[in-house]
Structures are given as C-alpha cells and as structure tokens.
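Dear colleague,

I am handing over the structure we spoke about, with the sequence alongside. Please have it open while you read the notes that follow.

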Amino acid sequence: MEQATFGAGCFWCVEAVFQNLKGVEKVVSGYTGGRIANPTYKEVCSGLTGHAEVIQITYDPAQISFSELLEIFWKTHDPTTLNRQGADTGTQYRSAIFYHNEEQRRLAEEYKQKLNEAHAFPNPIVTEIVPTVTFYAAENYHQNYYNQNGRQPYCQFVVKPKVDKVREVFGNKLKAEALAK
C-alpha cells in the first residue's frame, strides 16, 4: 500500500471524490502544511495556522496508480484559483500535492507542466507541489462526511456535483458498490 496526499478545497468534497475508487483502501480527511501541531478545524478555518484541508489516501498501486489519482485530482477541482475553490476561500483551501517520494514529485510536476503547455485550463495552474509533512487527521465528524450528511445543502450543491462527475467520467475506476448507489 502507498499513500497520496491532496488538497483541492474543502476536504469533504475531495474525500467523496476519491473514497469509492477501486484500489483505494482508505481516505482520511485532515490537515497538513501548517505551523502548529494538532490543529483543530476552527484553528485551520481561521487561516492563521497555514494548514491546508487535505485528504490522505491509502491505495494499492497494483489496482490504481498515482498517475491515475493525479488525473482525477486535476479533473475534479480548479487548480488555477489561488487559495480558493468556489465560494470557499483562504489558504486552507489551496490546491496542493504533498508528495511522499521523489517519483510522486516527478509525476506531479510533469503532469502539471503538460496541462499548462496544453492550455488545459484558461489560466495557469497554481497548485503547489511540496514534500509531505506531518499529517493530522481531522476531527471524527469530518470523516466520511458526504456519505453521512449527503442531504445537507452544502453536500447537495457542492459535493454531489463532484461525485457525479467522477461517476460520469471515471465510472470504470469505481468500486462495484459505488456504482450500485
């Protein structure tokens, strides 16, 4: 098993995008990249800690590759808006790849360069690609959030469209039980 750590806005959205993929064993919402140990959600939301809301994925590279995870990462958020995803603004919502090894760094940098050269987005990609640092799991009520709170307005209007996009574009990469939903 290997790990990948991505920041792409609110971790509720990002968790929901990745947790139903074949080969993904676990997705944990949390915080990384900041200045204090064991931050709380309230502290991170203040924007003063420097942490990003992220997910840490544990996956089987024999079933899904890091490159495939990157493809889904790039296609399910806007990597061109600095410290913002939709209405969520602040450094905690930045687009970031926290790589765990040199191969992940190389693949992320190459993918980002190819997207920029192809003008895949109307503006240049601002996603930071930095080494992973200490990851802090978010409070329990943030884990598996969409599946437990899918009827809430934020989930319906912000998270669900991302989940639907993954189902439509990456349906062949979803676990059978996710397709049955």
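A helix here is a DSSP run of H or I that spans at least four residues, and helices are numbered from the N terminus. In that numbering Lys-162 belongs to helix 6, which covers residues 153-169. Please keep in mind throughout that this is a predicted model.

Lys-162 is buried and yet has no salt bridge, the nearest side chain of opposite charge being that of Asp-88, 7.9 Å away; a salt bridge would require a side-chain nitrogen within 4 Å of a carboxyl oxygen. What does the side chain of Lys-162 reach? At 3.1 Å it meets the backbone oxygen of Thr-76. Once neighbours within four places in sequence are set aside, Lys-162 is in contact with Cys-13, Val-17, Thr-76, His-77 and Gln-85.

The other residue I looked at is Leu-69, which lies in helix 3, residues 66-75. Leu-69 counts as buried because its relative accessibility is 0%. Not counting residues up to four places away in sequence, Leu-69 touches Ala-4, Phe-6, Phe-18, Leu-21, Val-24, Tyr-59 and Ile-64. Between Leu-69 and Val-27, which are 42 residues apart in sequence, the C-alpha to C-alpha distance is 12 Å.

As for the aromatic residues, a search of the whole structure finds nine aromatic pairs, and one aromatic cluster is formed by Phe-6, Phe-18, Phe-66, Phe-73, Trp-74 and Tyr-111. Of these, Phe-6 and Phe-18 are also among the residues that Leu-69 touches.

Notes:
Residues are numbered from 1 along each chain as its sequence is written. This is a predicted model: local features need pLDDT of at least 70, side-chain atom pairs count only at pLDDT 80 or more; totals for chains, interfaces and linings use all residues. Side-chain values use heavy atoms; hydrogens and water are left out. Helices (H or I, at least four residues) and strands (E, at least two) are DSSP runs, numbered from the N terminus. Buried means under 20% relative accessible area, exposed over 50%, partly exposed in between (1.4 Å probe, protein chains only). Contact means heavy atoms within 4.5 Å. Lys and Arg count as positive and Asp and Glu as negative; His and the chain ends are not counted. A polar contact is a pair of N or O atoms within 3.5 Å; within protein, one must be able to donate a hydrogen and the other to accept it, and residues adjacent in sequence count only if both atoms are side-chain atoms. Rings of Phe, Tyr and Trp (its six-membered ring) pair if their centres lie within 6.5 Å; planes under 30 degrees apart count as stacked, over 60 as edge-to-face and the rest as tilted.
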